Amino acid sequence: MAGPTTRVLAVLELLQANGQMGGAELAERLGVDRRTIRRYITALEDIGVPIVTEQGRYGGYRLVAGFKLPPMMFTDEETFAVSLGLLAASQLGLTNAAPAIASVQAKLERVMPANLKSRVRGISETTQVILPRREPSRDDRALETLTKATETMRTVGLTYHSPQHDPIERQIDPYGLVFQQGRWYAVGFCHLRGAMRSFRLDRISGVHLLSGTFIRPTRFDAADFLSESLMSWGPTHEVSLVLHIDHAASAGFENQFFCTGQFEQVEGGLLLHTRTDSFEWFAYWLAQLPFQFTILKPDGLKEALREHANHLLASCESASPYSTDTP
């Protein structure tokens, strides 16, 4: 667990959630000794949290009956933003963060007024955030470690698994992280190449912090660098298509597009020129669009979309072994 302040608040959270708890149980849950737990209890009392201490074999600590933290004051707009943020976070491939996301929502609901609690639950039950299908991860803790390294400006070591070469050890200074086209990327300075590089997180493993530090360039934009990198990569394929949406609809659409590329207003919609390194992913994304489109090139994308459509049709037409008749 993190620093002492976090652990003190964790004691408060545990007492709120479980009622009375013994010092030994609290110590075990937090990975500290019982003397440290007594210091945490004193710290809570010092900030005005009323705690009852009962001695004896079945004693322990509990909050004074009726004590509650003051309700969190959120506007409707803030409640909506927090709820959508939690929904989006659950789609970002954060495997280890799933319990934490659920815990955050539970904590928010516990201290929210009834009307806001009802709205948060309603949003989570009726609203969906569908992001591009993510790639499987080799290292479930890679994102967490890289986030910490980026924030503290620490160099990391990792193993990079290129599809063209054997795995190779790298050391990088991660300047930023970007989620794009269903993948996480780390952007930063590669010590091996002596230059800026982008690394797909689904191709790295064994990420660990090193003792070295770095200084991030002023006003460095990881998303801009990644976009330029994706446009210049040799193995990627040029894509041109027309999105059949009117001018009014296109105004807000460009900012929501998951691909990088240039849009041009033409007769019949938006002309998009972009690149992709995966026809399969691009076809999957196109199949989710709520309007028609025309692929101009390449033929490989047309074939990938045709295969995806055939797969969907086969799913609809196949006989089900389960009866749908009702008695």
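**Figure 1. Met153 in the loop between α7 and β3.** Met153 lies in the loop that runs from α7 (142-152) to β3 (154-160); helices (H or I, at least four residues) and strands (E, at least two) are DSSP runs, numbered from the N terminus. The model is predicted: local features need pLDDT of at least 70, side-chain atom pairs count only at pLDDT 80 or more, and totals for chains, interfaces and linings use all residues. Residues are numbered from 1 along each chain as its sequence is written, and side-chain values use heavy atoms, with hydrogens and water left out. Met153 is not a glycine, yet has a positive phi of about 55 degrees. Most residues other than glycine have a negative phi. With a relative accessibility of 28%, Met153 counts as partly exposed (buried means under 20% relative accessible area, exposed over 50%, partly exposed in between, with a 1.4 Å probe and protein chains only).

**Figure 2. Arg219 in the loop between β7 and α8.** The loop joining β7 (204-213) and α8 (222-232) holds Arg219. Arg219, also not a glycine, has a positive phi of about 60 degrees. Its relative accessible area is 78%, so Arg219 is exposed.

**Figure 3. Thr155 and its surroundings.** Thr155 is part of strand β3. Its relative accessibility is 4%, so Thr155 counts as buried. The side chains of Thr155 and Asp173 make a polar contact at 2.7 Å; a polar contact is a pair of N or O atoms within 3.5 Å, where within protein one must be able to donate a hydrogen and the other to accept it, and residues adjacent in sequence count only if both atoms are side-chain atoms. Apart from neighbours within four places in sequence, Thr155 is in contact (heavy atoms within 4.5 Å) with residues including Gln171, Ile172, His191, His208 and Phe214.

**Figure 4. Leu243 in strand β8.** Leu243 belongs to strand β8 (residues 237-243). Its relative accessible area is 0%, so Leu243 is buried. Leu243 and Thr294 are 51 residues apart along the chain, and their C-alpha atoms are separated by 6.7 Å.

Figure 5. Lys297 and Pro298 are joined by a cis peptide bond, with omega about 5 degrees. Most peptide bonds are trans. Pro298 is in the loop between β11 (293-297) and α11.

**Figure 6. Packing of α10 against α11.** Helix α10 (residues 279-286) packs on helix α11 (residues 299-317) at an angle of about 60 degrees, and their axes are 8 Å apart. Axes are lines fitted to C-alpha atoms, for helices over the stretch in contact, and angles run from 0 to 180 degrees between N-to-C directions. α10 is therefore oblique to α11 (angles under 35 degrees count as roughly parallel, over 145 as roughly antiparallel, 65 to 115 as roughly perpendicular and the rest as oblique). Among the residues that meet are Phe279, Phe282 and Tyr284 in α10, and Leu301, Ala304 and His308 in α11. The contact of α10 with α11 has eight nonpolar, two polar and one charged residues; Ala, Val, Leu, Ile, Met, Phe, Trp, Tyr, Cys and Pro count as nonpolar, Asp, Glu, Lys and Arg as charged, and the others, Gly among them, as polar.

**Figure 7. Packing of α2 against α3.** Helix α2 (residues 23-30) and helix α3 (residues 34-46) cross at roughly 95 degrees, and their axes come within 9 Å. α2 and α3 are therefore roughly perpendicular to each other. Gly23, Ala24, Leu26, Ala27 and Leu30 of α2 make the contact with Arg34, Ile37 and Tyr40 of α3.
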